[in-house]
Amino acid sequence: MPSVMLSAVLEEEPDLYEAFPPHVDPSGITILTESPPGKKAPLKTFEELQPLLQQGRKRELKLIIRENSWPINSQIRAALWPALCRQHQHGKSMLDGFYWDMVTQVFGTVELPDKPIMLPPFVEATHCLGYHLTRKGRAVADRVVSVLGYACPDITYSPSLYPITAALLHFMPEEECYHCMASLVASKEKRFITQTKLLNEVTWKTVMQIAKKHAKSAAQHLSRLAGTIAPERIYADWQWWILAALPFPHLVRVLDCFFHEGIKVFYRVALAILILFHKYSSNQSSEWYAEATKNGVDHAIDKFCKNMPASPTKLLATAFSIRALSSQYISRVFIKTEMTLNSKAVVCGARLVRSRSSDNLPTSQSQVNIQMMSHTLTIRERMSEETCKQMSPRSAHKALWFPFPNAVFSDRQQHASDLRQKLFTLWSWLPVRITMYQPVLLYTTEEHGCSLTTFYVRVEHHEPTLLMIKTCNNEVFGAYCSTRWFERNQKDERGNRQAYFGTGETFLFSLYPERAKYPWVGCAAESEERLGHGSELFMAADSKMITIGGGEGQAIWMDENIRYGKTDRCSTFNNPPLCPSGDFEIRVLEVYGFSGA
């Protein structure tokens, strides 16, 4: 692969040093020339890409970024990378000076300290990669990561956060870098950076799973070369193939796509590395086969990446030519893996890993949260059942209480205990990360009226939400909805409004008369099993109705007045009707959000 060192291109690229901020040492950066000039169309400028960003033409932008191999010293990234990151911003934009106020709050001054900065515990010391940052640049990266740790206390383990911060600092000043990282960390629509040990484990298991299907020959070749080395030891390092081993020009081109498309780019590049490694090591006389058999396949892949024989363009072309590897499929595998790790024992090679289901047991904080939540769910003890019977169906909306046989209600303590038990059960069904947050009542028909418009105003920007329905026949059921209801307004890459949205974290539940959880059918499906369209109809909504679950029926359907509804078996959750009659009249609907989620 032809390459020209910095000293050889200074005359052709007089602005080489100007392409990088002063906290970068460009003397070790290699400029790659992949094809003779004039062979390809001119590279796009930021001014040409800006209208696509402003108009939300994400698919066109995606294709352009993939196809334009800007050289590493191109000044486009100083504008492009911040603009790409801003797309994923959640909530209001940060005010000018916000970062420096945070720096002052954390360190007491905006001056860089002389002594090393103590990094947050979520950072892995062995992977604090600085690339071509100077000593001052490393200190700047330390400070950005420390402020992020202060601003985002929920991050408990995120080894990739530091390297991505350092890479951003090669093309922008410190404050801009912080804003970019804050946007990536808080992103709701796309995943960029895992922030817990569990999710970090989910990522490599996801790579291992999709490799078996979409890079089958390469995965089998890897397994043969691995010998006695357990698969998890190889795949656990997957992100370091990219962030630590790839030459810097390759990494920068990968990040061009990553900042727009999310972590799925890393998954594709990891598979591309396996495919290329298979190509270059399948011959037993090759140096890479010899390396794998002598020093182990894990060391061989690392060395292969450091000496990557394919150009950045070839690497990305291999990654994006993997067919049928959709974002939806990756998301499905990711969520299924996460739920598996959360809920039951997982066999990793020959070793049995302890089930993490105990993580779902309510903590002391969770119990406080449940007590707060039960405030509006408990029976209004001052109201007798006879009084309630005398109420009209509409006025009965005013009291949400859990109905049980009179024998149960005869003792108030027994009722309260039984109710708490049901709420603890519901709490244990929630994703572990959500149980750390405080539930907040967003909408209730008894206070906010029976209007779908009001429902959307109060609920649509919250994610996730918990819907709880009490019918006039005293059934109690609902759904955990993983995605914002605002998604009903989103359009796909072709400009069409999405009919259904949501993810496989969505589930149904019943609390009375039956106590049961109905998760997405994809959680129980075999990894190679192809699920039909009807199995992925999680949520739908418009101005006339709300639907949860679809395919051969709707699990929950409610009308625009939030008065009447129906429930059927559906393909998405394979649930029975949540109430015996199928049709129901709503006494009370309550919707909870989770503060800080």
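Q: Are R143 and E174 buried or exposed in this structure?

A: A residue counts as buried when its relative accessible area is under 20%. In this predicted model, R143 and E174 are both buried.

Q: How many salt bridges does a search of the whole structure find?

A: The search of the whole structure finds 20 salt bridges. One of the pairs joins the side chains of R86 and E176, at 3.8 Å from N to O. Here again distant parts of the chain are linked: R86 is in helix α4 (residues 77–86) and E176 is in helix α8 (residues 174–186), 90 residues apart.

Q: Why does R86 count as partly exposed, and why does E176?

A: The partly exposed class lies between the buried limit of 20% and the exposed limit of 50%. R86 counts as partly exposed because its relative accessibility is 46%. E176 is partly exposed because its relative accessible area is 27%.

Q: Which parts of the structure does the salt bridge between R569 and E552 tie together?

A: The side chains of R569 and E552 meet in a salt bridge at 3.3 Å, N to O. R569 lies in the loop between β13 (564–566) and β14 (583–595), and E552 in the loop between β11 (545–548) and β12 (556–559), so the pair ties together parts that are 17 residues apart in sequence. R569 is partly exposed, at 36% relative accessibility, whereas E552 is exposed, with a relative accessible area of 70%.

Q: Which residues are linked in a network of salt bridges?

A: R66, E261 and K264 are linked in such a network.

Q: How is the span of helix α8 to be read?

A: The distance from the first C-alpha to the last is set beside the span expected at 1.5 Å a residue. For α8, which has 13 residues, the helix reaches 18 Å, close to the expected 18 Å.

Q: Is α8 mostly covered or mostly exposed, and what do its buried residues pack against?

A: Helix α8 is mostly covered, with ten of its 13 residues buried. Among the buried residues are E174, C177, Y178 and H179. The buried residues of α8 pack against α4, α5 (98–107), α6, α7 (161–168) and α13 (248–261).

Q: Which way do the residues of strand β7 point?

A: In a regular strand, side chains alternate between the two faces of the sheet. In β7, V476, G478 and Y480 point one way, while F477, A479 and C481 point the other way. Strand β7 (residues 476–481) is mostly covered, as six of its six residues are buried.

Q: Which strands pair with β7, and in what sense?

A: Strand β6 (residues 465–471) pairs with β7 in the antiparallel sense over six bridges. These two strands form a hairpin with four residues between them, and N474 in the turn has a positive phi of about 75°. Strand β8 (residues 507–512) also runs antiparallel to β7, joined to it by five bridges.

Q: Which residues stand opposite A479 of β7?

A: L467 stands opposite A479, and in β8 the bridge partner of A479 is L508.

Technical notes. Residues numbered from 1 in each chain as written. Predicted model: local features only at pLDDT ≥ 70, side-chain atom pairs only at ≥ 80, totals over all residues. Heavy atoms only, no water. Salt bridge = Lys/Arg side-chain N within 4 Å of Asp/Glu carboxyl O. Buried < 20%, exposed > 50% of the residue type's maximum accessible area, 1.4 Å probe, protein only. Expected span 1.5 Å × (residues − 1). Contact = heavy atoms within 4.5 Å. Pairing = 2+ DSSP bridges.
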